[in-house]
Structures are given as C-alpha cells and as structure tokens.
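These notes are meant to be read with the coordinates open.

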Amino acid sequence: MIVKTVLIDLDDTLWATTRNNQSALREVYEARKWSRWIDSFETLRDVYQPINDHLWHLYRIGEITKPELTVRRFKEPLEHFMGPLDESLIDEINTQFLSLTATKKETIPGAIELLKELRRRYRIVILSNGFMEVQHRKMTAAGILPYVDCIVLSEMAGINKPSKAIFDYALSRSRSRRSETVMIGDDWESDIQGADNAGLPAIWFNLRGQARPDDPLRVPLYEVSELSEIPSLLRSFTSFA
C-alpha cells in the first residue's frame, strides 16, 4: 500500500478536547458563580463528564440529535445541583461554553509536529463529529488549520462516524482512493470501528493505554501511544496482510 491520504480525527487526537473543554467549563462555573450551589468545580466536572460522554455516544449512533445533546449535557448535571432550569438559560450556557472552547489552544503533545511531517508527504483530511460552528475556530486558535488540506464534519455529510457513509463522503470530497487512505484517531467506536466499516486500515492513537476491545476488525489495525510514532509507521506501509 502506498499511502497518499490521511484521514485524522480532531478531538483528543490533535486538539486537547478533554483539557480544553474542562478549562472552558471552569470559566463558566466561575463566571456564573455556581459555587453557590456546587461546592467546587471538580464536583461539577465529575457529574458533567460521564453525562456528556454518554450523550456523545448516543449522538454518534444516531439516537439523539445535536439540539438534544447541547441541552441535555448541561441540563442534566446542573439540575442535579440546582433543580429545574429553563431551557433558554441552558441555551445561553451552552453558547457561552462553545464560545470559550473555540478560543482554547492546547493540542495533544506532538500534534503540530506530526502535522508538519505528514504535510510533506500526504493529503491531510480532518474527519470529525464535532460541531461546525466551533471546529474551524478551534483549529485556527490552536494553529492546526494551516496544515490541513480538507475538512469533513459530520454535519456536512449528514451522518456521524462510525457510519461508513461519512468515510465515503470524506474520500469523495478529498478526491482520495480507498486503497491509498489510512484513518488515524483516538476513539475506538467512532474512529476505529468507523474505519472498519469503511474498509480502511487504521492507526489507533491509544494515548490513555486502554485495553483493546474484543471487537473483531476486518481492517489492519496499528496502535501507537504517541503521535511521534505515526510518521515512521506510515512510511513502512508497503503491504497489508
């Protein structure tokens, strides 16, 4: 295989989503003086994070819509502490949160260096389920955008990863051949199973050292724990068993 195109996830593969979002959430917590109801930011975070993670899972598999996600991810944890809240207030909080996240610049260690190296040899396509109104701003703030040839977001395709359809859309939009394309991402469900659905080899960026799921894959799978491992791995791709 001669790799010509790299599809690469954005959130927590290149842009430090967990840390940046928690930074934005802390700013909202402090600006709105939620300490009157919630004794610490850490208490809020520990309730918010699992709810948010679960809602994103439901969104990826099509069981809830984007508006449902954006309302419920704040409504459910905040009502745990404050009681019933008006949806207009929740919308206001979500808008504030998204505006703050779009200004955050932290990247995963080695992300910019990886992009600089990949850009010398491959077409770089960002493939993300993130929201259209913030992804471009996040990439601009973090210095990612100059290294990207094409951006494909789930809202553009009308379908989320791990559906095969969004990978097909990305290949079409970037004018890439399936036989010359590799997927890189941190999320097993959306990135790795998605690549499997689309018949694309995948590199799993396993930053947190998670156990590999038992899910059988049809695609060749490679695993790295640091982004710096990826360029040499791609250069070694001459054939797949």
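1. Leaving out residues up to four places away in sequence, I144 touches L10, L14, W15, T107, I112, L115 and M139, where contact means heavy atoms within 4.5 Å. The model is a predicted one, in which local features need pLDDT of at least 70 and side-chain atom pairs count only at pLDDT 80 or more, whereas totals for chains, interfaces and linings use all residues. Residues are numbered from 1 along each chain as its sequence is written, and side-chain values use heavy atoms, with hydrogens and water left out.

2. I144 is, with L14, I203 and L234, among the residues with the most contacts inside the largest nonpolar core, which has 34 residues. A nonpolar core is here a set of buried Ala, Val, Leu, Ile, Met, Phe, Trp, Tyr and Cys residues joined through side-chain atoms within 4.5 Å, and buried means under 20% relative accessible area (1.4 Å probe, protein chains only). At least two residues of this core come from each of β1 (5-8), α5 (111-119), β2 (123-128), α6 (132-142), β3 (150-153), β4 (181-185), β5 (202-205) and α10 (230-235), and α5 gives the most, with five residues. Helices (H or I, at least four residues) and strands (E, at least two) are DSSP runs, numbered from the N terminus.

3. A second, separate core has 29 residues, including I51, L78, M82 and I93. I51 is also one of the buried residues of α2, among them F41, L44, Y48, N52 and R60. The buried residues of α2 pack against α1 (17-31), α3 (66-82), α4 (87-101), α7 (154-157) and α9 (188-198).

4. After α2 comes G62, with a positive phi near 80°.

5. α9 is mostly covered, since nine of its eleven residues are buried, among them W188, E189, I192 and A198. These buried residues of α9 pack against α2, α8 (164-173), β4, β5 and β6 (221-224). At the start of α9, a side-chain oxygen of D187 comes to within 3.0 Å of the backbone nitrogen of E189, and the helix is followed by G199, whose phi is positive, near 70°.

6. T70, in helix α3, is buried, with a relative accessible area of 12%. Apart from neighbours within four places in sequence, T70 is in contact with I90, N94 and F131.

How values were computed
Buried < 20%, exposed > 50% of the residue type's maximum accessible area, 1.4 Å probe, protein only. Polar contact = N/O pair within 3.5 Å; in protein donor to acceptor, adjacent residues only side chain to side chain.
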